[in-house]
Amino acid sequence: MFLVRPPLRETMDNATASPDPDSTSRRRSGRVVRAPEKYSPDIVVTSKRKRGADADDDDHENDDEDANDENEAPHTDDDMSDATDTYATSHKRPSASRSKTSHKGPAIKKPPVKKRAIKKPAVKKPKTNGVASKSLGHGSALPSRPKKKTVAIANFGPPGEGDLYADVFSSSQSVDRVAEEWLQKYHNDDALAVRDLVNFVLRSCGCELQVTEDDIRDPDNSDSRLTELQEIYQEEHITEYPLISRAKGTKSFRELFTDFFHSFVAVLHETDVLYKDTALMENISRWIASMSTSSLRPFRHTATTAILSLVTGLVEVAKTLDARIAGIEQQIAAGQRGKNQANKAKLSEMQRNLDQANAYRKQCSELITDFFDTTFVHRYRDIDSRIRTECVEALGHWIIQLPTVFMEPGFLRYLGWMLSDAVASTRLEVLKQLGRIFKRDAEQLGHFIDRFRPRLIEIATKDAEVSVRVTAISVVDTLRAAGMLDPDEVDLINRLIFDSEIRVRKAAANFFEACVQELLAGRVEELGGSEVLDEVFGGTEEDDFESPREEWISIKCLAENLAAYDAQVEQELGSPESHDLPAAVDILQALTPATRVSLAAQVLFDKMPVVNRWELLAGYLLYDHSISAKSKSKALSPDETVKKALGPDGNEEAILLEVMASAVTVALSQPAERKGGRHEAVDAQEDTALELAALIPRLLNKFGADPATAKIVLRMEHVLKLDVFQQLRQDSARYEKLLDEVAAQFSRHDDKEVLAEATAALSHARQHEELEELTDGKLSLLWENTINSLRNFDKTCELSERGQLAEEHLTDLSTILTKVSNLASVSDCTDVLETEGQSADSPSSPIEILTGIVQRGTFAHIDDRIDDLEDEVVSFAIKACLFYFMWKLHNLEKLMQAGSDIPDSAVDQLQKLRQTFQDNLTNTLSSRVIIDGIRLYATCSLCDLHIIFGSLRTWIQNSRQSAKYQKLASLVEEITPGLVPELISIFDGVERSFAKRTKKTLNEPADDEDPIDDESSDDEDEDEGLTREQRFVNELRAERSLCELAGKYVMAISRKVLDQSGPTRGRLRRRLLRNQSRLGKNFHEVVAFLDESKVEQLLYGKKPKSRSAAGRQAAAAAAAASKKPARSEEIVVEEESDHHEDDDPFKEAEPEEGSREDLRRRELLEDDEQDSDEEEDRDDANEDASRRGGEESGPDNDSVLGD
C-alpha cells in the first residue's frame, strides 16, 4: 500500500474546499492568489492585465477570459472547438470496446465541487485614501509584467524502480524491453501496472501529480480524480510541456513517447493479452482517452498523442493479422485439394487458427473504431493546430498502412475537410498525406478526387503560404500523371510557371516539363513516329547546332506552350499600360524588369536539356525555316514535312530569344559558383563568352529590324565577361564587330527601349580600360551623327518656341534628344556639347540649343497629342542638360584637386547657361496648373540643379587654395524663396493624390499654413473600372512620385540651397514633417533625413558620431539648469532671424549652450575638473549644440555643420 495517497487526498481536499470569502483568494484562472497557509497574507498578486471594475467583480468571466487567451495562458482551452468534450459535461463516454463480453465503463460523473459553476457575488473594493487594502486579492491598480514562460518537464526517477517514465526516457533499455517489463509487472499486479502507465502519461504532460492503485480500482471515480489533478496542475501556470518544448533534451521525447505505445501494443498482441484481457484496454480508454477531452492543453495534447500512437500500433497489428489470415486461407485452399486423412486433421487445425485470427481481427477493429470515435473525431477539429496536425498525420499513416479499412469515404473525408484549415501547417500536412496516398491509390479515389480537386487547384494557385502552394502543386502533378485533371486545370497549373514566387515557379517547372514531354510524344506520332525522325535527322552531327535536329521538336513544343500560356496571362491581366512620363524619362536605366518568359526560363534551365544547351536555341533561331514557293505548290517530302512542322509561328521567336537570353545569363553565372574545377569553369566561361560574342551580331542581323526582338538580343551583351576580349587581338577584333552592330542598332532605331539597351551595352563596354578607347571611337561617331541631326532642326525652325513643329517632326526631335541624353550618360559630353556651330544658320553650341528647348515647357495648350509630344521633348532636353552640368562639375572638381587655374570667362559662361536653364525650368513648373509628369520632373530637376552646384561649397572649403576659387562660390545659389509656396503647392497635390489612392488620412494644417483644398481630384474617377492589380500599380506610382519629390526637397534642404532664408524660411521643412507618420514607411524614412544628425549619412554615407556619456550628462545638466520654457518651431525661427539681424560681428561670441565654458559660467562644472576625455567631450557637446542652434553660431565655430 502506498503512503502517498493520504497527503494527496488531503491536498485535493484543500483544493476543492471553498475558500473563505474574507481571506486572500485566488481563482483557478490564476488572476488572484488563493492563499495556502505557507504563503504570507501580505503579498498582493497583481493581475495579468489591467481590468475594469466589472471584470474584476466577476470570477466566472475572468476564468473564461483566461481560458480563451492563448498567448497568456496557452495551456487552458475552455473555448475548444469541441465544447462537449470537457469534464463538466454529463454525457456518457463511449465504451472502450464493442465486444459483447466487454464491460461498459461507468458514465463520467461531475466532481463533487465545481467552483466554476458557482458565480460568487462581486467583492466590492473599499474606498481608501490612495492605499489599497492588503486583504484584497485583486491587484488591478498596476498591470503586472508578462509572466515568464514555464517549462514543465518531470524529473526522472531511478530507472528500473517502478518509474516507467524513467525507464522510457532515461534508461539504456529499448522501448520494446520496457514494454515487456511492464507486461510482466501487469501479470504480477494489474492495478499497480495500470497506475504506472497512467502516471507515465501524466508525467509526460509535465505533471508531477500521480494516481494511486486505489484510484485505478475505483473506475467510477476516474473522471473526478482527473478533474482534481487538472485543477491542481492548472494553478502551476505551465505554458510549455515536453511535447512542444524546445528545451535541450526534449527533441527525442516525442519519438520515444510514441515508440513506447507502438511497442506496448505489439507486446500485448504477441502475448494475446490484447484479446484475452479486455479490461486492460477499457482502463486505458477510461483514463487516457478521457484525458484527451480535457480543457487543459498539456493533458489533452499528450493524451491525444498517446491514443493516436495506440491506434497506429493497432493498425500495424491489424495489418499483421490480415497477412496471417490471407496466408492461412491460402494454406486451407491448397490443403483442400488433398483427400488423405492427415490433411483433414491439418485443415481442422488451420481452420481453428483462422477462426482465432478472425476473432482477433474483429477485436482489433473494434478497438480501432472505439478509439477513433472517442478521440480522433473530436480532436481533428481541436482549437490547437498542433493537435489537428498530429491527427492528420496519423490518419494518413493509417490509410497507407491499412487501406482495406481506412480507404473509405468515411475516413477520407476528414482529409478533404482539413484542406480548408485556417493554419498553414495543418494544410501542409494534409497535402503531404494526400500526396503519399495519391501516388499509390489515385485510381481508386475517383469520387474523393472529383469532390476535392477544385480545392486542391485553389490551394496551388491562390494559397497565402508559399510552402503550401509548392506542396499542392506536387499533389496536383500526381493527379496529372494519373490522368485525373481537366484541361482547364492543367492550364491553371502550367501558368504558375510565370508566378512571382520563385519557389512556386520551381515547383511548377516539373509539371510544365511533363506537359511539354506529353506534347512532344503526340507531335512525334503526328510526324510518323521515331523511325521517320531517325531517317530525317540521322545524319546530323552532335556538334552541328545549326542543322535540323531531333531536339528542335522539343524546342518547338516548348515555344508553343510558353506562347499559349503567356497569351492567357496577358489576356487575364490586360494589356500593359504605357509608361507615364517619369517612367519614360527614367528609361535610361535600361535595367528592364525580368519578363514572365525570362523568369520561367530560369527555372526551366535545370529541368529541360533544350534550355540548358543554349547553343541549340541559337541554332534553331538562326536557321531559315521558310519554304520556297515551288515547294509549297508540290507535295512535300517527309523531310520537308518535318522541317515545316518545326518552323516557329507568331511571337514564338521572341519568346525563344527570351529563353536563350535567360539561359545564357544562368550559364555564365553558374560556373563561378561551382566548387572545384576552377580552371575548367573559367575556360568554359571564356568559351561561352566568345561564342556568344560571335552569335550576337548574327542574331542582330536577323532580328534587329523588330524592336521587340532587337532589345532582347542587345540585352545578351550585358552579361558578357569582357575580360576575355583583352587577351588576344583577334578576340578584341571580334568584340569590335559586336560594337559596330550595337552602334548600328543605336543609329537605326527610334524605339526608346532599344536605345536604352544599346546605351547600356556601350556603357558596359566602356567600363574596361582596354576597351575604353575602342568604345570611345564608336561613341564619337554616334555623337557626330546625333549632333548633326540636332543642328538640322536648329537650322529650319525655332526650337525654343512651343507649337512650331508638326507631330512627325516632334517625334523625330524626341528621338534625337533621347539619343543625346543617352550618350551623355555614357561618357564626358562637355567638349561635344560646348562646341560652337560652324554654320551661320546654327552658330550656337549644342548645350545652348538644349537649354533653349527647355523653354518649350512653358505651357500653351495646342492639342492633347501635340502637348504630350512637346512635354516628352522637354523632358529629354532637361535630362541631357542635367548630365552636362554633372559632367561639368565633375571636371571642375578635378581641376580644383589638381590646383589648376579656372578662367573667369569659363565660370561666367557656366553661370549664364545655368541661369538660362534655371529660368526655363521655373517657367515650366510655374506655367502649369495641374500636377502632370513634366511639372513634377521640372521641379525635381530644379532641385537637382541646385544640389549639384551646392557641392561647390564643400569643394571650395576643402581646397588648399580656397581663395583662388572664390569666383566659383557665385555659382552656389539658393532656390528663390518666393518659389517655396509653389513648391509646397506641388507637394500638396502629390501628397493628396497618394493619400486618396491609398485611403490614408492626413493631418490638419497648422494655423499659419494654407487650408486643405477639398476639391475632388480625378484620381478616384481614373481608378474606376480598373482591376486590383492595376489599382495597386497606380498606388505604387503615386508613392514613387511622392517619395521622389520629397527626397529632392530633403536633399536640397540638407545642401542649404532651399528653405533657408526669407519670410518662408523653415515652412517647407515643417510641411514635409506634417504627415511623416501617416504616409507609409518609405515616406517616413525619406523625411527622416531632415534630422540634421542624419545629414552626413545621407550625403556622405557616414554614420553620425554618438555623443559620449560625459557629453550627454553635460547637455542634460545644461538643459535642467536653463529652465527655459519650450518654444514652438515658428517662434524659434523668428527669434533666430531677429538674432541674425541684430548680431554684432565684433562682439565676442557667447559660449554654446551645453558646452564646458557655458557650464563653468553657470558654476555647474568645477574649473579644476580634468578628464582624460575632456577634449572629446567638448567637441561632442559643441557639435550637438551647434546642430540645435543652427545658424546662431558664429562663423568661426568649426563645429557648425556647413553642408
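User: Is Cys391 buried or exposed?

Analyst: The model is a predicted one. Residues under 20% relative accessible area count as buried. Cys391 has a relative accessible area of 0%, so Cys391 is buried.

User: Which cysteine has the sulfur nearest to that of Cys943, and how far away is it?

Analyst: A disulfide requires two cysteine sulfur atoms within 2.5 Å. Cys943 is in no disulfide, and by this rule the count comes to zero disulfides. Cys943 is also buried, because its relative accessibility is 0%. The nearest cysteine sulfur belongs to Cys940, at 6.6 Å.

User: How are helix 11 and helix 12 oriented to each other?

Analyst: Two packed helices are described by the angle between their axes and the distance between the axes. Helix 11 (residues 278-291) and helix 12 (residues 297-335) have axes 6 Å apart, at an angle of about 130°. The two helices are therefore oblique to each other.

User: Which residues of helix 11 make the contact with helix 12?

Analyst: By class, this contact has nine nonpolar, no polar and one charged residues. On the helix 12 side it involves Phe299, Arg300, Ala303, Ala306, Ile307 and Leu310. On the helix 11 side the residues are Ile284, Ile288, Ala289 and Met291.

User: What does helix 9 pack against through its buried residues?

Analyst: Helix 9 (residues 253-270) has 18 residues and reaches 26 Å from its first C-alpha to its last. Its buried residues include Phe253, Phe257, Phe260, Phe261 and Phe264. The buried residues pack against helix 4, helix 5, helix 6, helix 10, helix 11 and helix 12.

How values were computed. Residues are numbered from 1 along each chain as its sequence is written. This is a predicted model: local features need pLDDT of at least 70, side-chain atom pairs count only at pLDDT 80 or more; totals for chains, interfaces and linings use all residues. Side-chain values use heavy atoms; hydrogens and water are left out. Axes are lines fitted to C-alpha atoms, for helices over the stretch in contact, and angles run from 0 to 180 degrees between N-to-C directions. Helices (H or I, at least four residues) and strands (E, at least two) are DSSP runs, numbered from the N terminus. Angles under 35 degrees count as roughly parallel, over 145 as roughly antiparallel, 65 to 115 as roughly perpendicular and the rest as oblique. Contact means heavy atoms within 4.5 Å. Ala, Val, Leu, Ile, Met, Phe, Trp, Tyr, Cys and Pro count as nonpolar, Asp, Glu, Lys and Arg as charged, and the others, Gly among them, as polar. Buried means under 20% relative accessible area, exposed over 50%, partly exposed in between (1.4 Å probe, protein chains only). The expected span of a helix is 1.5 Å times one less than its number of residues.
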